[in-house]
Amino acid sequence: MQSIERLKVMAALALVALGVAGFYMVPAGQSFVGSLAVVAGLAAAGAVMWFSETGRAFVDYARDSIKEAQKVVWPSKKETWQVTGVVFLFVAVLALFMWVVDSGLAWLFYDIVLGRG
């Protein structure tokens, strides 16, 4: 049974490839028809995958993902601004600290150790 599933997946990939090839075979002035070829290839591949075990597993995974995303509690606008402010403050303090350390090391090495100051 595993080989049939592989054949279904390969057939779906081949249908997508045929849709893309159809897009490039259509003359340049008929871009709508070329786009229609891609959509048709994707739709046919989706139909083949719908009847495969892999496709059903993906649909189940997508449904579970949507359910989990609905359980997420998003922060309020006030909380978002507070956290953003804390992040900006932390970045400013860290930048100041790194500038002080860099200047101190430059002074130490160039002026004291190497004597080029």
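Axes here are lines fitted to C-alpha atoms, for helices over the stretch in contact, and angles run from 0 to 180 degrees between N-to-C directions. The model shown is predicted, with local features needing pLDDT of at least 70, side-chain atom pairs counting only at pLDDT 80 or more, and totals for chains, interfaces and linings using all residues. Residues are numbered from 1 along each chain as its sequence is written, and side-chain values use heavy atoms, leaving out hydrogens and water.

**View A. Helix α1 packs with helix α2.** Helices (H or I, at least four residues) are DSSP runs, numbered from the N terminus. The axes of α1 (residues 2–25) and α2 (residues 31–50) lie 7 Å apart at an angle of about 175°, so the two are roughly antiparallel (over 145 degrees). Contact (heavy atoms within 4.5 Å) involves residues including Leu15, Val16 and Gly19 of α1 and Val38, Gly41 and Leu42 of α2. By class, this contact has 14 nonpolar, five polar and one charged residues (Ala, Val, Leu, Ile, Met, Phe, Trp, Tyr, Cys and Pro count as nonpolar, Asp, Glu, Lys and Arg as charged, and the others, Gly among them, as polar).

**View B. Phe23 and Tyr24 form an aromatic pair.** A search of the whole structure finds one such pair (ring centres within 6.5 Å; edge-to-face means planes over 60 degrees apart). Phe23 is partly exposed at 33% relative accessibility, while Tyr24 is exposed at 65% (exposed is over 50% relative accessible area, buried under 20%, partly exposed in between, with a 1.4 Å probe and protein chains only).

**View C. Helix α4 covers residues 77–113.** Its 37 residues reach 52 Å from first C-alpha to last, close to the 54 Å expected at 1.5 Å a residue (1.5 Å times one less than the number of residues). Gly115, with a positive phi near 65°, follows α4.

Terms used: Rings of Phe, Tyr and Trp (its six-membered ring) pair if their centres lie within 6.5 Å; planes under 30 degrees apart count as stacked, over 60 as edge-to-face and the rest as tilted. Angles under 35 degrees count as roughly parallel, over 145 as roughly antiparallel, 65 to 115 as roughly perpendicular and the rest as oblique.
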